[in-house]
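Here is a friendly walk through one protein model, starting with a pocket and ending with the overall build. Please keep the structure open as you read.

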Amino acid sequence: MLLPLPVASTEKTSLQVYLALAACRRPKQGNSYQCNELLRALYMTYYLQEMGFGALAMQVYGNAGFGMTAAPVEPTPSATTVPVRNCVAKACR
């Protein structure tokens, strides 16, 4: 059985995922850490769904995971910016 999470922890995780998604949606603004945050959220929601929490079709997670892992992750001149906009676009279909 899952225990309720502390409010502070839930708010922190929510803010991290929100900021990662906001950054990765902007062209050439997301970095690999932020893309990793989105993958972490994807896996967390997948496993919660698998345990019976939620009603989303499991195929949605497969499509999102494929989009995230297929995204090009190449260093750019700034060395911290990664072109992940395709990753988010594919994951949100």
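## A pocket and its surroundings

The second largest pocket has a volume of about 230 Å³. Lining it are 11 residues, and those closest to its centre are Leu 5, Thr 10, Thr 13, Met 44 and Leu 48. Two or more lining residues come from each of H1 and helix H2 (32–50), with H1 giving the most, four residues. A pocket here is an open set of points on a 1 Å grid over the protein atoms alone, where a 1.4 Å probe fits and protein lies on both sides within 12 Å along at least five of seven lines; lining residues have an atom within 4 Å of a point. The volume is the space filled by probe spheres set on the points, which are joined across faces, edges and corners.

This is a predicted model, in which local features need pLDDT of at least 70 and side-chain atom pairs count only at pLDDT 80 or more, while totals for chains, interfaces and linings use all residues. Residues are numbered from 1 along each chain as its sequence is written, and side-chain values use heavy atoms, with hydrogens and water left out.

Which residues form a salt bridge? Arg 40 pairs with Glu 37, their closest N and O atoms being 3.2 Å apart; the term asks for a side-chain nitrogen of Lys or Arg within 4 Å of a carboxyl oxygen of Asp or Glu. A search of the whole structure finds one such bridge. Arg 40 and Glu 37 are separated by about one helical turn because they are three residues apart in helix H2.

The table uses buried for under 20% relative accessible area, exposed for over 50%, and partly exposed in between (1.4 Å probe, protein chains only).

| Residue | Relative accessibility | Class |
|---|---|---|
| Leu 15 | 48% | partly exposed |
| Arg 40 | 38% | partly exposed |
| Glu 37 | 7% | buried |

Buried residues account for 26% of the 93 residues.
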